[in-house]
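Please keep the sequence and the 3D view side by side while reading.

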Amino acid sequence: MPASQPKRPTTVLVVDDDPFIRATTGASLSSRGFTILQAGNGQEGLDMFQAHGPDLLIVDLKMPVMNGLELLSRLSGVTPRTPVLVVSGEGGLDEAVEALRLGAWDYLVKPIVSPTVLLHAVDKALERAALIRENEDYKLNLERQVQQRTLELQKANRELEQQFLKQQKLGIIGTLAGGMAHDFNNILSSIVFSTELIRGSVAASDTPDQEDLERILRVCQRGTSLIRSVLHFTGKMHEEFTHFSVRDTMLETLDIIRGTTNSRIEIKTRVDHALGTLFGDPVHLQQILMNLTNNAIHALTGTEEPCIEISATAYDDQQPDIMITDPESMLVVISVSDNGPGVPEENLPKLCEPFFTTKPRDEGTGLGLFVTQKIVKTLRGKLLFSRNQTGGTTARVCLPVSRSKIPTCAECLSIPNIRGNAERILVIESHPEVRTTISSCLTKLGYQIWQTDSVAHGCELVQEEPMRFDLILTEDGPLNSLDTLCTTAQQVNPALRIMLATASPLGNIVCSHHAVCRIIPKPLDMVTLGQALHHCLAECHCKI
């Protein structure tokens, strides 16, 4: 344990124009162990105070150069903490009152008959000053503790919120898992039947039905979305912000809800056809709808004929009572309504407050709707609640959406920013069917294509003719193979860029090499692939 620092002796500054008074006062205080400083007028006293910072001042009023009242006025900023005793034999009551108003702690009248009177006044003033410092130090320490505790509680709240988000995602994963087998079997059945119909048409030399082809694309996209939903919820994939169809996402989520909800609960749905597109992560919209539906399911406990109505309605005109949208957007309202007992009117404004819940303590945390509201805000929307006239509660998600539509496959080839201009692309893909399909799509988009099944062979092709390729589209491949490809490409052609198409969750991909201009997830579609290539090639041209 380190030795404590020796205590500094108490310093007293005596300011008086009478040297005899200074000497006798100093002698009385020195006998008590005080260190004495002396000044003959107010100006000297001010200078010595600023130079030495004494613990206490004894000041006369009548002095040359600067009197005691002026000195008190100049020291007004420090007198609340530093005691000042006024000792005067010539001042009257008015001067005594003025001295106390200017900050003097006590007023003694000369001549002081006994040193005990002075020592008592000094001790009392020093004790009061020590108590003030102790209280201020305690208050400062308390404020620091409160501030530290507040920061700790804020951190704990953030961690609790993140933990709840993870738990909520795990609950939704359980819901997804319950319906995925059912959904994927339907998806595969649709693909198999549609493919057999197309194969039959080709065998009979007939033109395949366009609807069969479109059906295959739709169900494949739905399967892709289901996989990405699970990856998003488990944290294995970064949020993917894109323009997505509100109607398609709604229908996909409603299929999951129907397949996982207790059969005794009737699910009624009504979804408008023209719901436009949103820019964001489609999983967010899925999570909003599933959270609100789960809330409605809990609210139906004990209801004899439980029913949930889910609708999505588009409004072309402004709806100021719900939400004002800009002229370029339209309003879509997604409603989830139940016929349970309903939430009391006075509790409706509290539903999105953290830790407020109408469920039993062992069933709810009070964070579900709080998190849902935060997700709604990421989509620039508003979450509203109301009681139904016939009983139950309605939750409305009001979203400003774009009127533009997602292009169909038949329209995608006319999109300007996905078509190539005979740029030379090297495709590296080990899976032969995937490699052939990607190459065919890129040829259709107007690119010149070279193919190989390995990164090693790709490196050889680049080394043989460094300026042959404008861009390399590669899979992630074996460990360290991407680094090898990047290093080789940079050595032979620094302008050559690489785009990575991966079937792994994006969160598992670690690549900091500047040659990689973009990482896109599989499965790929023509629009996404074309736009990514267009972006990378445009970026390359800007740097040349």
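Strand 13 (residues 424-428) and strand 15 run parallel and are joined by four bridges, where two strands are said to pair if DSSP finds at least two bridges between them. Strands here are DSSP runs of type E with at least two residues, helices are runs of type H or I with at least four residues, and both are numbered from the N terminus. The model is predicted, with local features needing pLDDT of at least 70 and side-chain atom pairs counting only at pLDDT 80 or more, while totals for chains, interfaces and linings use all residues. Residues are numbered from 1 along each chain as its sequence is written, and side-chain values use heavy atoms, with hydrogens and water left out.

Within this pairing, I425 has L471 in strand 15 as its bridge partner. L471 belongs to strand 15 (residues 471-474), and it counts as buried because its relative accessibility is 0%; buried means under 20% relative accessible area, exposed means over 50%, and partly exposed lies in between, with a 1.4 Å probe and protein chains only. Not counting residues up to four places away in sequence, L471 touches R424, I425, L426, L496, R497, M499, C517, L533, C536 and L537, contact meaning heavy atoms within 4.5 Å. L471 and V427 are separated by 44 residues in sequence, and their C-alpha atoms are 8.9 Å apart in space.

These two strands belong to an open sheet of five strands in the order 14-13-15-16-17, with parallel pairing. Strand 14 (448-452) and strand 17 (516-521) each have a single partner strand and stand at the edges, so one side of each is left without a neighbour in the sheet. From one strand to the next, the twist averages 20°, with axes taken as lines fitted to C-alpha atoms, for helices over the stretch in contact, and angles running from 0 to 180 degrees between N-to-C directions. Helix 12 (residues 455-464) packs on this sheet, where it touches strand 13, strand 14 and strand 15, and its direction makes about 155° with that of strand 13. Helix 13 (residues 481-492) lies across strand 13, strand 15, strand 16 (497-502) and strand 17, and runs at about 165° to strand 16.

Strand 1 (residues 11-15) runs parallel to strand 3 (residues 56-59), the two being joined by four bridges; V14 stands opposite I58 in strand 3.

L56 in strand 3 is the bridge partner of V12, while L57 has V84 in strand 4 as its bridge partner. Strand 3 and strand 4 (residues 84-88) pair in the parallel sense over three bridges.

Between these regions of the sequence, strand 7 (residues 266-271) and strand 9 (residues 307-315) run parallel and are joined by six bridges, with I308 in strand 9 as the bridge partner of I267. Strand 9 also pairs with strand 10 (residues 329-338), in the antiparallel sense and over eight bridges, and here T313 stands opposite V333 in strand 10.

A helix pair can be followed next. The axes of helix 7 (residues 246-260) and helix 8 (residues 282-299) come within 10 Å and cross at roughly 45°. That angle makes helix 7 oblique to helix 8, since angles under 35 degrees count as roughly parallel, over 145 as roughly antiparallel, 65 to 115 as roughly perpendicular and the rest as oblique. From helix 7, V246, T249, M250, E252, T253, L254, I256 and I257 meet P282, L285, Q286, L289, M290 and T293 in helix 8.

For the whole protein chain, there are 14 helices and 17 strands, and buried residues make up 43% of the 544 residues. Among contacts with a separation of 6 or more, 69% are accounted for by residues 24 or more positions apart.
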